[in-house]
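Here is a short report on charged side chains and paired strands. Keep the sequence and the 3D view side by side as you read.

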Amino acid sequence: MQLVVGRIGRAHGIRGDVFVEVRTDEPELRLGPGAVLLTDPATAGPLTVESGKVHSGRLLIRFAGVKDRTDAEALRNTVLIAEVDPEERPEEEDEYYDHQLIGLDVVLADGTPVGELTEVVHLPYQDLLTVTRPDGTEVLIPFVEQIVPTIDLVEQRCVITPPPGLVDEAEAVVDGGPEQSR
């Protein structure tokens, strides 16, 4: 199974180093020296990590065969993909790979069906779960413990406790501002 682990950013220096936007909780495992990564577009790879280090708070990597700034700049915006055993699980109990979550039935705490989890959206500060409802509409659920208290991979269920209005707009509480509270 394939797992997106990063995206190549701008070149750094003249020796072929590139900054990498990390998209994995396990960069030391997925982006460490010797790691062989597939790419999107496929024509850019596969790439083998030669070395890596943190520079100014960002991951800086050198790939085998990328010897100068021109080669490195040609890789900009390339997505890095690792081959992962589908049975592999993250080290932490409350961590999940995207493929484990896609397809889960999403239900409220009382068992009321909401829809199917169809995508995990990774944003800089928080992940969102895209849930497709039976009528085809989508709702974005913040992937935080207060709203998503239970992921049950055995039962293939994701239990949510959304605030009013997140799933059903009719339940939304509208604040009219200071003028309406008089």
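K67 is exposed, because its relative accessibility is 54%. Here buried means under 20% relative accessible area, exposed means over 50%, and partly exposed lies in between (1.4 Å probe, protein chains only). The model is a predicted one: local features need pLDDT of at least 70, side-chain atom pairs count only at pLDDT 80 or more, and totals for chains, interfaces and linings use all residues. Residues are numbered from 1 along each chain as its sequence is written, and side-chain values use heavy atoms, with hydrogens and water left out.

**Salt bridges**

K67 has a charged partner. Its side chain meets that of E50 in a salt bridge, at 3.9 Å from N to O. K67 sits in the loop between strand 5 and helix 2 (69–74), and E50 sits in strand 4 (residues 47–55), so the pair ties together parts 17 residues apart in sequence. E50 counts as partly exposed, because its relative accessibility is 37%.

A salt bridge here is a side-chain nitrogen of Lys or Arg within 4 Å of a carboxyl oxygen of Asp or Glu. Helices (H or I, at least four residues) and strands (E, at least two) are DSSP runs, numbered from the N terminus.

How many salt bridges does the structure hold? It holds five. Among them are these:

| Pair | Closest N and O atoms |
|---|---|
| R7 and E21 | 2.9 Å |
| R62 and D17 | 2.7 Å |

Take R7 and E21, which form a salt bridge. R7 lies in strand 1 (residues 2–12) and E21 in strand 2 (residues 17–22), so this pair ties together parts 14 residues apart in sequence. R7 is partly exposed at 22% relative accessibility. E21 is partly exposed too, with a relative accessible area of 34%. R7, E21 and R23 are linked in a network of salt bridges.

Now take R62 and D17, also joined by a salt bridge. This pair links distant parts of the chain: R62 is in strand 5 (residues 58–63), D17 is in strand 2, and they are 45 residues apart. Is D17 buried or exposed? D17 is buried, because its relative accessible area is 12%. R62 counts as partly exposed, at 22% relative accessibility.

**A negative patch**

E92, E93, D94 and E145 gather on the surface in a patch of negative charge. Such patches join like charges within 9 Å, using residues with over 30% relative accessible area and no salt bridge. Asp and Glu count as negative. E145 lies in the loop between strand 10 (138–142) and strand 11 (150–152). E145 counts as exposed, because its relative accessibility is 64%.

**Paired strands**

Strand 8 (residues 113–122) and strand 9 (residues 127–132) run antiparallel, joined by six bridges. Two strands pair if DSSP finds at least two bridges between them. Strands 8 and 9 form a hairpin with four residues between them. V121 stands opposite L128 of strand 9.

Strand 9 also pairs with strand 10, in the antiparallel sense, over five bridges. T130 has L140 in strand 10 as its bridge partner. The hairpin of strand 9 and strand 10 has five residues between the strands, and G136 there takes a positive phi near 95 degrees.

**Toward the end of the chain**

E169 lies in the segment after strand 12 (157–160). E169 is exposed, with a relative accessible area of 71%. The C-alpha atoms of E169 and E21 are separated by 35 Å. These two residues are 148 residues apart along the chain.

Notes. Patches are made of residues with over 30% relative accessible area and no salt bridge: like charges are joined within 9 Å, nonpolar side chains (Val, Leu, Ile, Met, Phe, Trp, Tyr) within 5 Å. Accessible areas come from the Shrake-Rupley method with a 1.4 Å probe; for residues, only the protein chains shown count as cover. The place of a charge is taken as NZ of Lys, CZ of Arg, CG of Asp or CD of Glu.
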